[in-house]
Amino acid sequence: MEFIKQIERFQLLSKLIKEERTGSPDELASRLGVSRAKLYLMLDELKDEGAKIRYSKRINSFVFENCDGISIGVSIHILGLEESRKIFAGKVENCCERLIF
């Protein structure tokens with residue numbers, strides 16, 4: 001479930017930046033449970049998507065310059081046999097056989 005944790009981190013990061021209460025880079029990294037280097041990689045990912053983010057020494061926080069935040073969503077959909085055939089180009093691995101008792 002590392003993927004879900006990553007999404008939750010980005011959501012928290014966006015919320016804190018929007019509210020202008022991230023604290024220093026070290027404090028923010030600690031709050032997100034990542035290293036300072038990972039924090040900057042996350043910020044770079046947001047910047048690659050068009051968000052302009054800068055650090056304000058005056059308020060001791062990262063801030064958005066061109067928007068009010070970001071929106072991240074996830075949708076989980078259980079695939080039927082026909083849908084999974086389309087995804088796997090007609091080859092379906094029967095992963096559920098092992099779960100049948």
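Reply: Ring pairs link Tyr 40, Tyr 55 and Phe 62 into a cluster. This is a predicted model, in which local features need pLDDT of at least 70 and side-chain atom pairs count only at pLDDT 80 or more, while totals for chains, interfaces and linings use all residues. Residues are numbered from 1 along each chain as its sequence is written, and side-chain values use heavy atoms, leaving out hydrogens and water.

There are 2 aromatic pairs in the structure. Rings of Phe, Tyr and Trp (its six-membered ring) pair if their centres lie within 6.5 Å; planes under 30 degrees apart count as stacked, over 60 as edge-to-face and the rest as tilted. Tyr 40 and Phe 62 are edge-to-face, 6.3 Å centre to centre with 75 degrees between the planes. Tyr 40 sits in helix α3 (residues 36-48) and Phe 62 in strand β2 (residues 61-64), so this pair ties together parts 22 residues apart in sequence. Helices (H or I, at least four residues) and strands (E, at least two) are DSSP runs, numbered from the N terminus.

Phe 62 is buried, at 5% relative accessibility, whereas Tyr 40 is partly exposed at 33%. Here buried means under 20% relative accessible area, exposed over 50%, and partly exposed in between (1.4 Å probe, protein chains only). Phe 62 also pairs edge-to-face with Tyr 55, at 5.0 Å centre to centre and 70 degrees between the planes. Tyr 55 is partly exposed too, with 28% relative accessibility.
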